[in-house]
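My entries follow in the order I checked things.

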Amino acid sequence: MAPLKEGDKAPYFEGINQDGKKITLEDFKGKKLILYFYPKDNTSGCTAEACSLNDGYSSLTEKGFEVVGVSPDSASSHLKFITKYNLAFNLIADTEKKILETYGVWAEKKLYGRTYMGVVRTTFVIDENGIIEKVITKVNTKDHAKQILEQLKIK
């Protein structure tokens, strides 16, 4: 499958959030969505990214964005992560990696010469019509909310 790019229709997804509630792409029809994929709850980079998005959450929502994170962690892991850092947005538990694969972010990675499958940290900004407006692959975990707004040229 070819990698998703700006201008593509966002693939449909559905998953379970930290409260066991189903979330789908259709839930965001008519809204702008920041759909970000990250490797693991409670790791340094993923915590920095989630906290950056949380710190910038009011700025993002004022500009019409919803934020949803996706990782292969369980719903209970997400609930603990949200509670620990008081996150204001939903996290989808993609334990079967269906959404990760659909969005092309479950891929072969290398670390210290070892090859393994993992999540490629990526953010998709999806417009009100379900079209991918921006794909961010070089994520600034410490300042991600600001990075998104700057890349979209939103003040």
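**Entry 1: the β1 side**

I started with strand β1 (residues 14-17) and strand β2 (residues 22-24), which pair in the antiparallel sense over 3 bridges. The model is predicted, and I kept that in mind throughout. I looked up the partner of E14 and found T24 in β2. The two strands form a hairpin, with 4 residues between β1 and β2. In that turn, G20 has a positive phi of about 80 degrees.

Next I asked which strand β1 joins through 2 bridges. I found strand β5 (residues 90-93), running antiparallel to β1.

**Entry 2: the whole sheet**

I then traced the strand order. I read β2-β1-β5-β4-β3-β8-β9, an open sheet of 7 strands with mixed pairing. β2 and β9 are the edge strands, each pairing on one side only. From one strand to the next, the twist averages 30 degrees.

I checked the pairing of strand β3 (residues 32-37) with β4: parallel, over 6 bridges. Within this pair, I34 stands opposite V67 in β4. I also looked for a helix on the sheet. Helix α3 (residues 75-85) packs there and touches β1, β4 and β5. I noted about 155 degrees between the direction of α3 and that of β5.

I moved to strand β8 (residues 122-126). β8 pairs with β9 in the antiparallel sense over 4 bridges. T123 has I136 in β9 as its bridge partner. The hairpin of β8 and β9 has 5 residues between the strands. There, G130 takes a positive phi near 80 degrees.

Is β9 mostly covered or mostly open? I found strand β9 (residues 132-136) mostly covered, with 4 of its 5 residues buried.

**Entry 3: F65**

I picked F65, which is found in strand β4 (residues 65-71). The relative accessibility of F65 is 1%, so I logged F65 as buried, the cut-off being under 20%. What does F65 touch, leaving aside neighbours within four places in sequence? I listed K32, L33, I34, L60, V125, L149, L152 and I154. I also checked D127, 62 residues from F65 along the chain. The C-alpha atoms of F65 and D127 are separated by 8.9 Å.

**Entry 4: helix α5**

L149 made me look at helix α5 (residues 144-151). In α5, I found H144, A145, Q147, I148 and L149 buried. I asked what these buried residues of α5 pack against. The answer was β3, α1, α2 (57-62), β4, β8 and β9. Just after α5, K153 takes a positive phi of about 60 degrees.

**Entry 5: C46**

I ended with C46. UniProt places the feature "active site" there, in an unreviewed entry. I located C46 in helix α1 (residues 44-55). Is C46 buried or exposed? C46 has a relative accessible area of 2%, under the 20% cut-off, so I logged C46 as buried. Leaving aside neighbours within four places in sequence, I found C46 in contact with Y38, P39, K40, F81 and R121.

Methods:
Residues are numbered from 1 along each chain as its sequence is written. This is a predicted model: local features need pLDDT of at least 70, side-chain atom pairs count only at pLDDT 80 or more; totals for chains, interfaces and linings use all residues. Side-chain values use heavy atoms; hydrogens and water are left out. Buried means under 20% relative accessible area, exposed over 50%, partly exposed in between (1.4 Å probe, protein chains only). Contact means heavy atoms within 4.5 Å. Two strands pair if DSSP finds at least two bridges between them. UniProt positions are given in the numbering used here, feature names are shortened, and annotations may be inferred rather than shown by experiment. Axes are lines fitted to C-alpha atoms, for helices over the stretch in contact, and angles run from 0 to 180 degrees between N-to-C directions.
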